[in-house]
Amino acid sequence: LAAALGLLGVFFLILWARRHEDTTYVLFGAASLVWALRNVSDVLFHLAVPQPHWEIAMTVLYFVFVGLLCLFCLRFVGATLPRYEHLLRAAMIGSPFLLYASLPWFSVLDSTRVMLLCMLGFVAPPLLLVTREALVGRSLGAVLIALAGGVAFAFGAYDWIAVGRPGMFDSVRLVPYAALFFTTAVGWLLAHRFLLAYRALERLNAELDLRVEEKSAELRGNLASLQQ
């Protein structure tokens, strides 16, 4: 499933290459690829590098995935939060350095737990904006994203609690399942949006062809009158 959604991410990156003005495609495509990379690596190459490097790598990919989806939600509802976005990007870039810098004083699990709590804090503003859009505009897209975001937030809170209980964390890790629902729902929404845009372009081309034919007929009539 992770590999399939990674291919879905490639598909939306290709769409973005043809429609640079819509950043939702590139944000969602990149998030899908990061999510696929994290989960495929965790399944096929679990503990391929020794601890704490493996846990830090998985946490950083997790943070990047969450950050990209937060930015996606802001763009989806047409909102801009400059200070929040600068802080989020800085946290995404600086997360591995912060985790390594904390190793002399804290265990990797404690540092990961703090990082997960920071992620929940970053998720809150976009989730509130999407929820408000769903309540006010009541569009299908905003409602689906608000529901998916709420589920992901609840699952993230569960995983944050589970980090402090190794047995609980090893048995069930819920965020990958929330990400599956989120990426599937958003992928359908973006594909639907692209299809609507494509149909609108087809109608526009048909109307343009009709206008050209009408003008051509008018010119032919004028030319015939001029010849007479």
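This is a predicted model: local features need pLDDT of at least 70, side-chain atom pairs count only at pLDDT 80 or more; totals for chains, interfaces and linings use all residues.

Biologist: Why are helix 2 and helix 3 called roughly antiparallel?

Modeller: Look at the angle: helix 2 (residues 23–44) and helix 3 (residues 53–76) pack at about 160°, their axes 9 Å apart. Angles over 145 degrees count as roughly antiparallel, so helix 2 and helix 3 are roughly antiparallel to each other. Their crossing is left-handed, by the way.

Biologist: Which residues make that contact?

Modeller: On the helix 2 side they include L27, F28, V34 and W35, and on the helix 3 side they include W54, L61, F65 and F72. The contact residues of helix 2 with helix 3 split into 18 nonpolar, three polar and three charged.

Biologist: What makes helix 3 roughly parallel to helix 5?

Modeller: The angle again. The axes of helix 3 and helix 5 (residues 108–137) cross at roughly 10° and come within 9 Å. Under 35 degrees counts as roughly parallel, so helix 3 is roughly parallel to helix 5.

Biologist: Where do helix 3 and helix 5 meet?

Modeller: Among the residues involved are Y62, F63 and V66 in helix 3, and M115, M119 and F122 in helix 5. The residues of this helix 3 and helix 5 contact divide into 16 nonpolar, two polar and one charged.

**A charged pair**

Biologist: How do you know that R75 and E85 form a salt bridge?

Modeller: The cut-off is a side-chain nitrogen of Lys or Arg within 4 Å of a carboxyl oxygen of Asp or Glu. For R75 and E85, N to O is 2.8 Å, and their side chains meet in a salt bridge. The pair links distant parts of the chain, with R75 in helix 3 and E85 in helix 4, 10 residues apart. By that rule the count comes to three salt bridges.

**The loop**

Biologist: What kind of peptide bond joins Q51 and P52?

Modeller: A cis one, with omega at about 5°. P52 sits in the loop between helix 2 and helix 3.

Biologist: And what is phi of L47?

Modeller: Near 55°, a positive value in a residue other than glycine. L47 lies in the loop between helix 2 and helix 3.

Note on methods
Residues are numbered from 1 along each chain as its sequence is written. Side-chain values use heavy atoms; hydrogens and water are left out. Axes are lines fitted to C-alpha atoms, for helices over the stretch in contact, and angles run from 0 to 180 degrees between N-to-C directions. Helices (H or I, at least four residues) and strands (E, at least two) are DSSP runs, numbered from the N terminus. Angles under 35 degrees count as roughly parallel, over 145 as roughly antiparallel, 65 to 115 as roughly perpendicular and the rest as oblique. A crossing is left-handed if the near helix is turned anticlockwise from the far one by less than a right angle, and right-handed if clockwise. Contact means heavy atoms within 4.5 Å. Ala, Val, Leu, Ile, Met, Phe, Trp, Tyr, Cys and Pro count as nonpolar, Asp, Glu, Lys and Arg as charged, and the others, Gly among them, as polar.
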